[in-house]
Amino acid sequence: MDIWNQLIQGFITAGTPVNLLWALAGCTIGTAIGVLPGIGPATAVAMLLPITLQVEPTGSMIFFAGIYYGAMYGGSTTSILLNTPGEAGSMVTAMEGNKMAKNGRAGAALATAAIGSFVAGTIGTVVVTIAAPVVAKYAVLLGPPEYFMLMMLAFVTVSAVLGKSMVRGLTSLFIGLAIGLIGLDQISGQARYTLGVPELMDGIEVVLIAVGLFAVSEALYVMLYEGRQVETQNKLSKVHMTREEWKRSWPAWLRATAIGLPFGTIPAGGSEIPTFLSYATEKKLSKHKEEFGTIGAIEGVAGPEAANNAAITATLIPLLTLGIPTSNTAAILLGAFQNYGIQPGPQLLDKNAALVWALIASLYIGNVMLLVLNLPMVGLWVKLLKVPKAQLYAGILIFATVGVYGMRQSAFDLVLLYGIGLLGLVMRRYDFPAAPVVIGMILGPLAEAQMRNAMSIGEGKWSVFVERPGSLSLLVVVVAILVLPRLMKLLRGKMRAAG
Amino acid sequence: MTHKLPQTLIGVGTLVLAGLMAVGATQISSDAGYSGVGPNFVPWVVAIALALCGGFLTWEALSGGYRQMDEEGPGDARGYWPGFTWVSAGMLLNALLITYIGFILSCTLCFVLAVRGYKASQGAPDWSPMAFVKDALVGLAIAAPVYWMFTKLLAINLPGLTATGWI
C-alpha cells in the first residue's frame, strides 16, 4: 500500500494549480511541436532548458514530461494528414494513416491514433508506477561494474543497432563521447580539453549540441535540399470511429502496448523497432489484409501509435531508476535533472520521492489532457499545418537563439551553435545518426565514472567486469548485439554461395 | 561517384579529430590512483576509436562510397547555396549584434534574412520593400513575446537595446 499512498501524495502535488498549469503548458506546447514539422520533443525540451535556472524542479519536470509525450500525440496528426514522411517513429503510422486519409477516413485514423495513444500511455504509466519502485529496489544491488555494462549496452544499441551503418553510428557516438570529455574530470577534478578557456571548464551545454544538431541543421537542410518539395494535405473528416472500427482497434492497442513497453524499458532505445514490430503483427493477424497498403487498415494505425506511446512512457523506468536515458529526449531530461544537481538512479525514489511521484501522477493527468487536446480540438492543430515553411523555419531560428543564449548569456555560443548546425547538416546529408552524439555526450561522463569506480573495486584489474555474474552476462549481451547480426549475414552469404 | 570527395573528406576529418584528441590526451595526467586507469584513459580510447572509424570511413569512401546508404541523399541532389548564405548571414549577424542591439531587433533581423532565403529556395523570391516590412513585423511578433516571456515571467537574462526591459 506504500505505492498507493505515495501516488496519492503525488496527485496532491501534481494537482496544485501551478503544477496543473505546467502540465497543461507542456501538453499544449508538446502537441504543437509534434504537429509542426522541423522540431521534435528533444529540441523543444532542449530549447526550454534555461527555465531550469529559475523554475523549481517539480514544475519544470512536469512541464518537460508534458512536452515529451505531447509531441507523440501531435506527431500522428501530421503523419496522417501530410503526405510527407515524418520522423522514424511515426513513419509506420504515415503508411496506413495516409492511405486512410486519402480515402476520406482521416477522422477515424486520427481518433484511433489519439485514443490508442491514451490507452497505451495510461497502461504504460500504470506499469511505471508499479515497476519503478521494484526496479529501484533491485538497482540498489547493482555495483559500478554492472552500471558500466548497462551504459555500454545503451551505447551499443543506440549507435550500432538502430542506424543503417555501424561505422557511422559509432563515429557519431565517439564524437558525442569526445564532446562529453570537455570540462573537469568528475573523479580527479582535472581539466580536460579546455584549451585554457574558462568557459569550457563547465563543459559544453547540452542545449547547444541538441539545438544545433536537431533544429539548426534541419533548418539548413530544408533550405538546401527540400525547398522545392511541395507538400499536399489530406482532407480532415469528422473525428469519429464506427462500432466496427472500435472493435478492430481495441486488440491492436493492447497488443501494441505489450510490444512497446519492454522496448522502452530495456536500454535498447528508440521507438522505431516496436512500431515496426507492431505493424508487422497487426498485418499478420488482421482479417482485412487486403486493406493494408491499399485503402488503409485501421489496425495499421492503431497498433504502431500505441506501441510508440507505450515505448516512450516506458523509457521513464530506466531514466528514473537507473539514470540511463534510452532516447534523445530522455537524455535531455537527464540533463535537466543534472541542472538541478539531481542524479536520477535507484536513490532518486528515496531522496526525491515527492518529485518522482508528482511526475508520475502528472503523467496520468497529462494523458487525459492530451486526449481532450487532440480529439475535440484536433481541427485547431490542423491549422498549424498551414504555417508556411519559410516563416516556420525562420521562427525556429529565433527559438534556437533564445534557448542557447538564455542558458549562458554568451554570444560566442551562438557562433558555436551555427558551427554545430553545420556539423549536423553534414551528418544528415551523409546519413550519420544524431542521437548517439547526444546520448554519448550526456551518458559518457557517467559511464567513465562508473568504469573507474569499478576498476577501483577490482583494485585496478579489468577482470572485475567478468568476475561478477551480473556484469558478465551484460557483457555477453553487448558482444552478442555487436557480433551476432554480422555473423548471421556472413553465414547466410556462405550458405547461399554453397547452395 | 559524385559523393566520393565529400565522403573522403568526412573520413579524413574524423582522422584529424582523432589526432587532435590524441594530442590533447598526451597533456592529461595518467595518475591512476587505486583504479589503474587515470583521467587520460577514456580520452585515449576515444582518440583511437575515432581513428579507427575515420580510417574505415575513408576506406569505404574510396572503395565505392559509404555502405548501406541510399544512392541519393534525401531531398534534392543539388543544394541551393544562395539560400544557405542567407540563413548563415542571419545566424552569424545575430551572434554578432545580439549584445549591441538587443535580442528582439537582432532576432528580427535574423528572421527577415532567413525568410528571404527560404522564399528564394522555394522558387518564389520576393524582394519588394513591402515584403521586408511584412517579414520584419512577423519576426517582431515572434521575438518580442518570447523576450518578454523569458525576461519578465521567467526572470532569465536576455540582452535588450535599452534598460527598460521592453525592447
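The questions and answers below concern a predicted model.

Residues are numbered from 1 along each chain as its sequence is written, and chains are lettered from A and ligands numbered from 1 in the order in which they are written. In this predicted model local features need pLDDT of at least 70, side-chain atom pairs count only at pLDDT 80 or more, and totals for chains, interfaces and linings use all residues, while side-chain values use heavy atoms, with hydrogens and water left out.

Reader: What is the area buried between chain B and chain A?
Author: Contact means heavy atoms within 4.5 Å, and 76 residues of chain B are in contact with 69 residues of chain A. Buried area is the accessible area (1.4 Å probe) that two parts lose on being put together, summed over both. Carbon and sulfur atoms give 73% of this area, which is about 6100 Å².

Reader: How many salt bridges are there between chain B and chain A?
Author: The criterion is a side-chain nitrogen of Lys or Arg within 4 Å of a carboxyl oxygen of Asp or Glu. Between chain B and chain A the count is zero.

Reader: Is A:Val45 buried or exposed?
Author: Buried means under 20% relative accessible area, exposed over 50%, and partly exposed in between (1.4 Å probe, protein chains only). Leaving out residues up to four places away in sequence, A:Val45 touches A:Phe64, A:Ile67, A:Thr329, A:Ile332 and A:Leu333. Because its relative accessibility is 0%, A:Val45 counts as buried.

Reader: What distance separates the end C-alpha atoms of helix H8 of chain A?
Author: Helices (H or I, at least four residues) and strands (E, at least two) are DSSP runs, numbered from the N terminus. The expected span is 1.5 Å times one less than the number of residues. H8(A) has 14 of its 16 residues buried. For 16 residues (166-181) the span should be 22 Å, so the model agrees, with the end C-alpha atoms apart by 22 Å.

Reader: Which residues do salt bridges that share partners join into one network?
Author: A:Arg452 and A:Asp185 meet in a salt bridge (2.9 Å, N to O); A:Arg452 is in helix H20 (residues 435-457) of chain A, and A:Asp185 is in the loop between strand S1 (183-184) and strand S2 (191-192), 267 residues apart. The side chains of A:Glu448 and A:Arg192 also form a salt bridge (2.8 Å, N to O), linking helix H20 to strand S2 of chain A. Salt bridges with shared partners join these into one network: A:Asp185, A:Arg192, A:Glu448 and A:Arg452.
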